[in-house]
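Hello,

Here is the structure we talked about. Please load it alongside this note; my findings follow below.

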Amino acid sequence: MATIDFSEVEAFLDRHPDLFEDYLLRKGKRESVSKWLKAHKGVRQAGAGPPDARVDATLRRSCQKELRRSFARSRAMTCHHTYDELVFLRAAERAPSPGRRALLRKASSLPPTPAHLLSALLESRVSAPQHASAASHHKRSLKEADERGFFLELVKDISNELDLTSLSYKILINLCIMVDADRCSLFLVEGPPHKKRLVSKLFDVHSGTTVVPSSSMENSNEVQVPWGKGIIGYVAEHGETINMPDAYEDHRFNDEIDKLAGYKTKSILCMPIQNCDGEIIGVAQAINKNPSGVPFTEDDEKVLQMYLPFCGISISNAKLFAASRKEYDRSRALLKVVNDLFEEQTELEKVVRKIMQRALTLLQCERCSVLLLEDIESPADQMSGFHIRSVLCVPIWNSNHQIIGVAQILNRLDRKTFDDADQRLFEAFVIFCGLGINNTIMYNEVKKSWAKQSVALDLLSYHATCSKVEVDRLKAAKLPTVSELGIAHFSFNDFSLDSDGMITASLRMFMELGIVQKFKVDYEVLCRWLLTVRKNYRAVPYHNWRHAFNVAQCMFAMITTAGFREILTDIEILALMVGCLCHDLDHRGTNNAFQAKSGSALAQLYGTSATLEHHHFNHAVMILQSEGHNIFANLSSKDYSDLMQLLKQAILSTDLMLYFESRSKFFEYVMSGEHNWCLEKHRQMLRSMLMTACDLGAVTKPWEISKQVAELVTSEFFEQGDRERAELKLTPAAIFDRNRKDELPGLQLEWIDGICKPLFEALAELNGRIQPLVNGINANRTKWEELYTMYRQSRGVADAADHTLKSEVIN
């Protein structure tokens with residue numbers, strides 16, 4: 001065995017002092033260092049502490065210095081460089097050409113602003129720096145073997161973690177191992193300066209936890225502590241460390257969580273976490289030092305004081321990254337909003353719907369509503385059973401700095417209140433919304449101007465007024481009596497009068513009802529108005545002057561024969577009679593659906609809801625405003641205003657879509673048996689149902705009349721179907737399809753059962769004198785059912801013949 005020459009070893013160590021210092025720091029014992037200090041007393045300065053304290057201070061400074069160096073190296077090593085595959089493949093080449101050096105410099109140069117770096121990071125062009133978290137048992141073994149390496153490992157463990165949830169887990173697990181705590185909790189400061197609170201999404205984490213959660217746990221249940229309340233709140237408010245052997249002896253301790261969890265808290269070590277500016281950003285709490293019952297020591301406090309500053313730096317970095325990512329995502333969402341809003345600016349409804357959809361995603365809230373100045377009531381007011389926790393409401397401005405509406409969002413999904421960042425984002429969002437809405441409104445105004453011009457030019461070619469000769473002739477004519485005309489009967493023959501006869505019959509109805517005398521209607525003006533109304537019906541198969549007169553005759557019978565005069569006022573009767581005669585003015589032989597599908601000028605002018613009905617009313621107003629046609633001229637200002645409102649309601653109620661919306665309420669009211677006609681809403685329902693019933697009155701007439709009217713309706717429908725097929729390239733529905741005319745009986749049965757019969761039965765329940773109309777419907781239904789049976793039988797024979805023919809061909 002070779003003999004060791006200690007002089008050579010000493011000479012070697014003299015030549016390598018770094019090696020000796022490193023060996024001393026790793027293997028040196030306190031007793032040896034103390035002996036060295038006693039032998040070199042002159043080295044100690046006056047007033048210095050005892051040898052052991054001096055050694056501790058020396059070692060601590062050395063460790064801190066080394067930790068700072070290691071931390072700096074780790075930060076330097078993880079700086080973000082842009083990635084270029086070509087440069088990466090050529091990096092191993094020893095002698096790159098000048099061109100390669102230029103390419104390498106270009107690829108590895110950092111962007112001038114942090115925004116580019118964040119963009120690259122979020123787009124996954126580079127990966128977020130990660131340091132694999134060492135297992136708990138490895139950390140424990142490292143703690144026993146190498147205290148310096150253990151501490152460095154814990155710092156590395158958190159230094160590069162940018163996900164706040166994962167970082168919090170790592171911090172808590174490391175704290176448990178570091179101070180031998182049974183459980184640890186981490187509370188972070190949230191909220192504005194005037195309303196701070198401490199929030200813990202990770203409560204009572206123990207050192208045995210092995211699974212690191214993802215950020216998807218952000219919305220999990222959390223524990224909140226008010227600022228300054230309890231031990232946690234006290235430490236956050238005053239920045240002091242609390243180390244208590246027995247928590248229950250401190251009045252600040254709240255044992256509610258112990259009761260809920262069935263856990264017994266004994267010792268607590270609670271310490272604030274500060275950022276680089278000294279601001280408290282959180283509180284770390286260690287509970288129950290192991291073995292159970294042992295209090296936390298001063299060494300535990302010291303080690304936390306060394307470790308928590310690194311935690312503060314990492315938490316600040318993670319928060320900064322989360323905030324930057326949130327702003328980045330919101331900016332991208334705003335760009336999508338701009339794209340959506342300026343991609344579709346033709347329909348205001350579509351633009352508003354896109355705004356609300358984007359707002360829900362962008363601001364992570366439960367509901368959004370956009371209210372323009374033309375809206376009457378807020379959709380939020382109509383939400384039944386919806387609990388509003390928080391509201392953020394901002395005005396919508398147009399390009400002229402005028403408020404055109406209001407946008408509001410309700411209830412953040414995380415159940416927190418809307419903060420300043422939400423307000424700033426929503427205000428920026430609404431700026432784009434205002435531009436989109438304003439552009440859409442302007443576009444619609446241009447469309448409406450064009451539509452008005454188109455409709456006006458169309459009316460010039462069809463609108464006509466009667467001549468003075470016609471008025472004088474009608475004025476001088478003798479009017480037949482009601483009995484001579486038969487207009488008071490429900491079974492009146494719709495085809496019994498010619499065009500002039502319907503004019504004189506209309507005059508007789510106005511005279512008989514007494515409204516001419518009551519409202520001082522000038523007789524000559526009434527004659528001129530009736531003749532002009534007749535001229536403004538087009539020559540279409542069904543919705544013509546004859547149909548308008550027949551609806552008015554049915555209303556006259558309702559008022560007189562059925563006795564609704566006992567309920568209705570004189571001004572209501574006048575509005576209903578005028579409404580019946582004007583309810584289809586300038587009808588083009590096509591329905592509302594066709595106007596919408598064809599994008600007609602009427603649809604662009606009035607919208608897609610009750611398009612034709614709005615046009616009929618406006619046309620009636622135009623006639624009334626023509627010189628010498630205002631039959632309401634002698635009404636008082638109030639009566640005139642009320643009458644025009646009633647006239648509009650009467651004409652619009654002939655839209656079957658509005659009938660479907662209101663009939664269920666009317667049926668319920670009728671069946672209730674408590675008929676209070678003092679309430680205007682009940683009177684309005686009655687007037688609406690009477691208008692609809694008179695509009696459909698032909699279905700109650702004797703079979704020959706009813707069948708003839710059905711054929712006229714079908715003829716008009718078929719013409720619309722032909723236009724749909726030729727102009728719109730659409731396959732029309734069965735009722736409009738000329739190729740399916742044999743299906744008319746079945747369609748009539750559906751019409752009677754689904755619309756007509758329920759309405760007249762409800763009116764008969766209300767007024768028994770209407771029962772003859774129900775009887776007429778039932779009689780006509782029987783006829784249509786017979787025709788439908790014959791059609792099915794014929795189709796059965798035809799289907800059997802087709803089947804036989806196919807079988808023969810196959811065989």
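C582 is buried, with a relative accessible area of 2%. Keep in mind that the model is predicted.

First, the cysteines. The structure holds 0 disulfides. C582 is not part of one: the nearest cysteine sulfur belongs to C580 and lies 9.5 Å away. A disulfide needs the two sulfurs within 2.5 Å. C276 is exposed, at a relative accessible area of 72%.

Next, the helix that carries C582. Among the α22 residues that meet α26 is C582. Helix α22 spans residues 570-582 and helix α26 spans residues 637-652. Their axes come within 8 Å and cross at roughly 45 degrees, so α22 and α26 are oblique to each other. The crossing is right-handed. On the α22 side, the contact includes I571, L574, L576 and V578. On the α26 side, it includes D639, D642, L643 and L646. By class, the residues of this contact are 11 nonpolar, 1 polar and 3 charged.

Then the second pair. Helix α27 covers residues 656-672, and helix α28 covers residues 680-695. The axes come within 10 Å and cross at roughly 125 degrees. That makes α27 and α28 oblique to each other. This crossing is left-handed. From α27, the contact takes in L656, Y659, R663 and F666, among others. From α28, H682, M685, L686 and M689 are among the residues involved. The contact of α27 with α28 has 7 nonpolar, 4 polar and 2 charged residues.

Best regards

Methods:
Residues numbered from 1 in each chain as written. Predicted model: local features only at pLDDT ≥ 70, side-chain atom pairs only at ≥ 80, totals over all residues. Heavy atoms only, no water. Axes fitted to C-alpha atoms, helices over the stretch in contact; angles between N-to-C directions. Helix = DSSP H or I, 4+ residues; strand = E, 2+ residues; numbered from the N terminus. Parallel < 35°, antiparallel > 145°, perpendicular 65-115°, else oblique. Left-handed = near helix turned anticlockwise from the far one by under 90°. Contact = heavy atoms within 4.5 Å. Nonpolar A, V, L, I, M, F, W, Y, C, P; charged D, E, K, R; others polar. Buried < 20%, exposed > 50% of the residue type's maximum accessible area, 1.4 Å probe, protein only.
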